[in-house]
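Subject: Structure handover

Hello,

Here is the structure you asked about. Please open it alongside this note. My findings follow below.

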Amino acid sequence: MAKKMLPAAESAAQELPVILDKKDLEILKLLQENARMPVKEIAENIHLSPTPVHERIRRMENGGIIKQYAALLDPQKLNKGMMVLCYVSLKQHDKKAGLKFIQAINALHEVIECYSISGEFDFMLKVMARDMVGFYDFHVNKLSQVENLGHVQSIFVMGVIKETHLLL
């Protein structure tokens, strides 16, 4: 019977590199395509028995290779059909100001992705809104109220050509 690791041991284990072999990569590819695929079906696809497949998946979860499982939703069907990329620069660039900005952005549910970037801007936000009126409300009443906000340039996505979560 396996022992449950203590929190300190769990974090130390996650820092160790996980070495992936061909079977691990095959498992990851299948899980990316369908995270709800039963272990038995994965095992059949990669020609292993279910127990080692389950152990490999658990090892990759514990090692941080598999961060989470998620359902991909259709934004149009959820009345969030407008995607806007917002390039943001800050007025001040010290660590404290940057952390306050990040905390504020994390609290805005319209922002579904945020990247720290190089170049003319400091951050790129991916924002989902109902429509132009919804984005305007977000921009005026939420984003522009964030402390230390310098300049914002908004790019409206006209159509999605490629959008994937697949790494393998």
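The structure holds four aromatic pairs. Rings of Phe, Tyr and Trp (its six-membered ring) pair if their centres lie within 6.5 Å; planes under 30 degrees apart count as stacked, over 60 as edge-to-face and the rest as tilted.

First, the ground rules. This is a predicted model, where local features need pLDDT of at least 70 and side-chain atom pairs count only at pLDDT 80 or more, while totals for chains, interfaces and linings use all residues. Residues are numbered from 1 along each chain as its sequence is written, and side-chain values use heavy atoms, with hydrogens and water left out.

**Aromatic pairs**

F101 and F123 make a tilted pair, 4.6 Å centre to centre with 35° between the planes. F101 sits in helix α5 and F123 in strand β3, 22 residues apart. Helices (H or I, at least four residues) and strands (E, at least two) are DSSP runs, numbered from the N terminus. F101 and F123 are both buried (under 20% relative accessible area; exposed is over 50%, partly exposed in between; 1.4 Å probe, protein chains only).

F135 and F138 also form a tilted pair, at 6.1 Å centre to centre and 45° between the planes. They are three residues apart in helix α6, so about one helical turn separates them. F135 is buried at 4% relative accessibility. F138 is buried too, at 1%. Together with F156, F135 and F138 form one aromatic cluster.

**Core**

The largest nonpolar core has 19 residues; C86, V88, F101, L125, V127, F135 and L143 have the most contacts inside it. Such a core is a set of buried Ala, Val, Leu, Ile, Met, Phe, Trp, Tyr and Cys residues joined through side-chain atoms within 4.5 Å. β1 gives the largest share, five residues. Apart from this core lies another, of twelve residues, including I27 and L30.

**Sheet**

Four strands form an open sheet in the order β2-β3-β1-β4, with antiparallel pairing. Two strands pair if DSSP finds at least two bridges between them. β2 (111–116) and β4 are at the edges with a single partner strand each, so one side of each has no neighbour in the sheet. Five bridges join β2 to β3.

Best wishes
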